[in-house]
Amino acid sequence: MTRLSYKEAKALGLISESNSKYNNRKPEYYDPDLKQTLKFDSNRELEYYLLLKDKLKKGEIFRLQRQVKINIQPPFTTPTGEKIKAIDYLADFVYLDKDGKTHLVDVKGFKTDVYRLKKKLLAYKGFYIEEV
């Protein structure tokens, strides 16, 4: 029996991975509850998702959502006519705890300057990011 190299297996479509802007491989997970394959930005994010799914099944958390877009600033046009795009933050996970408190979770590997700024702007608006 011949063993395929990584490149050969990928060329045949046996491996489904994509690279992110930081060149790490994005793992995929087939969620039997959702009946679909989900992509994650890192193995840590996938592991945390599985932890949250377990808490969801046990009734410890509710309304688990992935990749939730939160608008920080809407788009607008300056008096000179320049169009400014919206500023959004994409939370890895959002869920409710038993007390009804909303949790925004970001599984962070590297904190960019843009992330730090968005975190401050969200805190000003009353949204606090929990970093894992």
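The model is predicted: local features need pLDDT of at least 70, side-chain atom pairs count only at pLDDT 80 or more, and totals for chains, interfaces and linings use all residues. Residues are numbered from 1 along each chain as its sequence is written, and side-chain values use heavy atoms, with hydrogens and water left out.

**Stop 1**

Select residues 28–31, strand E3, together with residues 36–39, strand E4; the two run antiparallel and are joined by four bridges. Strands (E, at least two residues) and helices (H or I, at least four) are DSSP runs, numbered from the N terminus. Two strands pair if DSSP finds at least two bridges between them.

Within the loop, display Lys35. Its phi is near 55°, a positive value in a residue other than glycine. Most residues other than glycine have a negative phi. Is Lys35 buried or exposed? Lys35 counts as exposed because its relative accessibility is 65%; exposed means over 50% relative accessible area, buried under 20%, and partly exposed in between (1.4 Å probe, protein chains only).

**Stop 2: Arg63 in strand E5**

Move to residues 61–73, strand E5, and select Arg63. Here too a residue other than glycine has a positive phi, near 50°. Arg63 is exposed, as its relative accessible area is 58%.

**Stop 3: helix H3 and Lys118**

Select residues 113–124 to display helix H3. The end C-alpha atoms of H3 are 17 Å apart, which agrees with the 16 Å that its 12 residues should span at 1.5 Å a residue; the expected span is 1.5 Å times one less than the number of residues. After H3 comes Gly126, with a positive phi near 95°.

Return to the helix and select Lys118. Lys118 is partly exposed, since its relative accessible area is 22%. Which residues does Lys118 contact, leaving aside its neighbours within four places in sequence? They are Ile72, Ile87 and Asp88, where contact means heavy atoms within 4.5 Å.

Finally, select Leu90. Leu90 and Lys118 are 28 residues apart in sequence, and their C-alpha atoms are 10.0 Å apart in space.
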